[in-house]
Amino acid sequence: MCLPVAAQIALTVASGAAQLAAQAQAAKAQARAQRQASANEVKRWQHEVSAARLGESHQETAAAMEALKGDQEASEAIGTLMTSAAERGVEGTSTGLAVANYMQMNANYQTALEQQALMNRQGLSMALTGAGMGFQQNMININQPIAGPDYLGVALGTAQQAQAQWGAGQLREGQQNLYAQTAALRQAEAGVRGRGVTAARMGTSIGAQRVRQFGLGQGVRAAK
């Protein structure tokens, strides 16, 4: 059974409103998901940076301790050399050269430690730069534009459906009127034909009656 046109149009409008509401809910849900994902990404990046900084601190501490150990070992070696030379009564160029050699070895070692620390800092800087770029790209990927309710599209679609339903209703109404008119015309034609048949039957009956009367009159006159 077909619904009235007004009811169909009302259902179409209600469907459009429900579609807009669903789109709005989906946009809100996506926004909440993006906020949560963004917060998680910020925490991940902060953890990565903190871990890198902690590693740098450990490396610097280890390098400082190694440099201090080198200085101590060089100082102890020079002190031992000077004491031994004094005890043996050895002084002069050989002792000075030995001390200079220890000092040069320690200087070379300290320079190597500094170069290693510099390379570590450069590597950390590049790692943090890459982490920052990755963080930025992840945030861009997470926070894509959210499509809100398509008011114009839904309105146009609803209007088109309502117009189509109204036109279909008008067409059905016109067809129903045409069917009613056709039925009335057929009924009228049937009435006319019925009256014609009745008139023809009456005419036949009258003619037969006249024939009988005429035949009866001829018989009477012949008897006279």
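Guide: Before we look at anything, a helix here is a DSSP run of H or I with at least four residues, a strand is a run of E with at least two, and both are numbered from the N terminus. I78, for instance, has its place in helix α1.

Visitor: Okay, and what kind of model is this?

Guide: This is a predicted model, in which local features need a pLDDT of at least 70 and side-chain atom pairs count only at pLDDT 80 or more, while totals for chains, interfaces and linings use all residues. Residues are numbered from 1 along each chain as its sequence is written, and side-chain values use heavy atoms, with hydrogens and water left out.

Visitor: What's pLDDT, and what does the chain average?

Guide: pLDDT is the predictor's confidence in each residue, on a scale from 0 to 100. The protein chain averages 75, and 59% of the residues score at least 70.

Visitor: Which element has the lowest mean, and which the highest?

Guide: Helix α3, residues 151–223, has the lowest mean pLDDT at 62, whereas helix α2, residues 93–142, has the highest at 87.

Visitor: How many helices and strands are there in the chain?

Guide: The protein chain has three helices and zero strands, and from the N terminus on the order is simply α-α-α.

Visitor: Back to I78: is that residue buried or exposed?

Guide: I78 counts as buried because its relative accessibility is 17%, and the cut-offs are under 20% relative accessible area for buried, over 50% for exposed, and partly exposed in between, using a 1.4 Å probe and protein chains only.

Visitor: What is I78 in contact with?

Guide: Leaving aside neighbours within four places in sequence, I78 is in contact with V99, Y102 and M103, where contact means heavy atoms within 4.5 Å. I78 and N101 are 23 residues apart in sequence, and their C-alpha atoms are 9.5 Å apart in space.

Visitor: Zooming out, how much of the chain is buried?

Guide: Buried residues make up 14% of the 224 residues in the protein chain. The accessible surface comes to about 16500 Å², and 61% of that belongs to carbon and sulfur atoms; such areas come from the Shrake-Rupley method with a 1.4 Å probe, and for residues only the protein chains shown count as cover.

Visitor: And what share of the contacts is between residues 24 or more positions apart?

Guide: Taking the contacts in the protein chain with a separation of 6 or more, residues 24 or more positions apart account for 90%.

Visitor: New topic: how many salt bridges does a search find?

Guide: A search of the whole structure finds three salt bridges, each being a side-chain nitrogen of Lys or Arg within 4 Å of a carboxyl oxygen of Asp or Glu. E41, R44 and E48 are linked in a network of these.

Visitor: Where do E41 and R44 lie?

Guide: Both lie in helix α1, residues 5–88, three residues apart, which is about one turn of the helix. R44 and E48 are four residues apart in helix α1, so they too are separated by about one helical turn. E41 counts as buried because its relative accessibility is 9%, while R44 is partly exposed at 34% and E48 is partly exposed at 33%.

Visitor: What about E56 and R53?

Guide: Their side chains meet in a salt bridge at 3.2 Å, N to O, and both residues lie in helix α1, three residues apart. E56 is buried at 16% relative accessibility, whereas R53 is partly exposed at 45%. Not counting residues up to four places away in sequence, E56 touches R121 and L124.
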